Amino acid sequence: MHAPNDTISAIATAPGAGGVSVIRISGPDAYSVADRVFRCAGPPPSRRAAFTFTTGQVVEADGTVVDEALALFFRAPRSFTREDVVELQGHGGPAVTRHVLRRTLEAGARPAEPGEFTRRAFLNGRLDLVQAEAVLDLIRARTDRAAAAAMDQLRGGLTPRLTHLYETLLELAANLEATLDFADQELPDTILTGLAERVSRLENEVKDLLATWNEGHLLRDGATVVIAGKPNVGKSTLLNTLLGRDRAIVSDQPGTTRDTVEEGLVLEGIALNLVDTAGLRDTTCRIEQEGIRRTEDRLRDADVFIYLVDSSQPIDKEDEARIKSLDSARCLVVANKQDLPGARTPALPTELTSIPVSLKTGSGLDFFRSELVRVLHSGRASSIQHATISERHRTLLQSALDEIHQAGEHLAGRTTPDPSLAAQALRNGVAPIGLILGREYHEDMLDSIFS
């Protein structure tokens, strides 16, 4: 473990060639390092005022020029890390960028660990842990809506709700513990009833937060959409149609697709991973059998299933069985080849609707896209631009919810309410919320988050 007050340096821009690269130096000796590596007219970096910049040269110890650069100066605590920070903006070639970084390390900085600038911003109180996680979400955002949600979280969109839960849990636990000083016969029933109602409201607030996980999953990770069905029903054609280009081979010969074909697509602000799969049928071909096995694996992991059938042929028992085995809330049945004579819409279980389309003529595709978006959002509004919980938050919130529910059970008491056990359950519920916010943390957890 490095000392938390070391001066650190790292390349802050993406790898590869570009017009400009940024090397960031942060820590108590940031200006001493800058004085050694940056030469400019007028005062040296250590005598420059905060929020100013100047042009100059990055130089070797012997004065040899490495690069021409711009230096930006920040003074603690008014910087991203709340430490002294100097940023050197030079030319964006990989070789010269590495050379400038090497000079800062030779001058007294050490290499920053992954995520260490943001980690210091958290440890120094500039960001809570939820906001710090949003930095990565914003960097990784693949759509405008994902970026908007990450920005809302970075600006504190989740923090007030989580802080309210944390403080209310502490208050309720303290109030319950205070009741233990009274004899049972002296404690009015209205007090326990009022506390039980507040615990119930708190439980509902946690459930509301947990309900945002699906939205967050779609925005952060995108949705895996698996296209399945028998051979020659139009799976590869559907993939190509959605992508707007020929990605998968289309052929009249059954079994053309032997492996999964995956491509990314943004639909209504949601990043999708479209997966075309091998046709599902009985076959003696070992290669095709392996493709079908992989199809089954992808179906188990999918967020949404698109099951294609040939509407010009009667739906058979094998298709019926496969469709019934899928989660109806995440399944769209597409009846393709509506342009052929004798095409019909197959009868399906009441919870499923078949969408008639012709991939050849394009009819029905607009309705199919709207239904796909509806299933992705599970009935929620499509304009997602607010902070949503992550998988880490979800796990910890579920732990808190279990404890809050237990507290409610102890207060309701089928026989006699037990304020002592209820108070303990509420205390247990505080810790997971504290871990989300960073009110409580351990080094292993921070290593995992900031890695």
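Y441 is partly exposed, with a relative accessible area of 39%. Here buried means under 20% relative accessible area, exposed means over 50%, and partly exposed lies in between (1.4 Å probe, protein chains only). This is a predicted model, in which local features need pLDDT of at least 70, side-chain atom pairs count only at pLDDT 80 or more, and totals for chains, interfaces and linings use all residues. Residues are numbered from 1 along each chain as its sequence is written, and side-chain values use heavy atoms, with hydrogens and water left out.

**Confidence**

- The average pLDDT of the protein is 86, and 88% of the residues score at least 70. The term pLDDT is the predictor's confidence in each residue, from 0 to 100.
- Residues 379-384 have a pLDDT below 50. Beyond near neighbours in sequence, this stretch has 10 contacts in the model. A contact means heavy atoms within 4.5 Å.

**Aromatic pairs**

- There are four aromatic pairs by the rule used here. Rings of Phe, Tyr and Trp (its six-membered ring) pair if their centres lie within 6.5 Å; planes under 30 degrees apart count as stacked, over 60 as edge-to-face and the rest as tilted.
- F51 and F74 form an edge-to-face pair, at 6.1 Å centre to centre with 90° between the planes. F51 sits in the loop between strand 3 (38-39) and strand 4 (52-59). F74 belongs to strand 5 (residues 65-74), and the two residues are 23 residues apart. Helices (H or I, at least four residues) and strands (E, at least two) are DSSP runs, numbered from the N terminus.
- F51 counts as partly exposed at 47% relative accessibility. F74 is also partly exposed, with 22%.
- F122 and Y441 are another edge-to-face pair, with 5.4 Å centre to centre and 70° between the planes. F122 lies in helix 3, and Y441 lies in the loop between helix 14 and helix 15. They are 319 residues apart, so this pair links distant parts of the chain.
- F122 is buried, with a relative accessible area of 8%.
- Ring pairs join F122, Y441 and F450 into a cluster.

**Salt bridges**

- Side chains of opposite charge can pair when their charged atoms come close. A salt bridge is a side-chain nitrogen of Lys or Arg within 4 Å of a carboxyl oxygen of Asp or Glu. The count comes to 20 salt bridges.
- R119 and D447 form a salt bridge, with their closest N and O atoms 2.7 Å apart. R119 lies in helix 3 (residues 116-123) and D447 in helix 15 (residues 443-450), so the pair ties together parts that are 328 residues apart in sequence. R119 is buried at 11% relative accessibility, whereas D447 is partly exposed at 31%.
- E177 and R427 meet in a salt bridge at 3.2 Å, N to O. E177 is in helix 6 (residues 159-179) and R427 is in helix 14 (residues 419-437), 250 residues apart. E177 is partly exposed at 32%, and R427 is partly exposed at 34%.
- R394 and E391 form a salt bridge, with closest N and O atoms 3.5 Å apart. They are three residues apart in helix 13 (residues 391-412), so about one helical turn separates them.
- A network of salt bridges links D6, E83, R110, E116 and R120.

**Nonpolar cores**

- The largest nonpolar core has 45 residues. Such a core is a set of buried Ala, Val, Leu, Ile, Met, Phe, Trp, Tyr and Cys residues joined through side-chain atoms within 4.5 Å.
- Among the residues with the most contacts inside this core are L162, L397 and I433.
- Helix 14 gives the largest share of this core, nine residues.
- L397 touches several residues, including L162, V206, I389 and I436, not counting residues up to four places away in sequence.
- A second, separate core has 29 residues, among them L238, V261, I306 and L365.

**Other details**

- S236 is in helix 9 (residues 235-243) and is buried at 10% relative accessibility.
- The side chain of S236 makes a polar contact with the side chain of D276, at 2.6 Å. A polar contact is a pair of N or O atoms within 3.5 Å; within protein, one must be able to donate a hydrogen and the other to accept it, and residues adjacent in sequence count only if both atoms are side-chain atoms.
- Helix 8 (residues 213-221) has buried residues that include W213, H217 and L219. G222 follows helix 8 and has a positive phi, near 75°.
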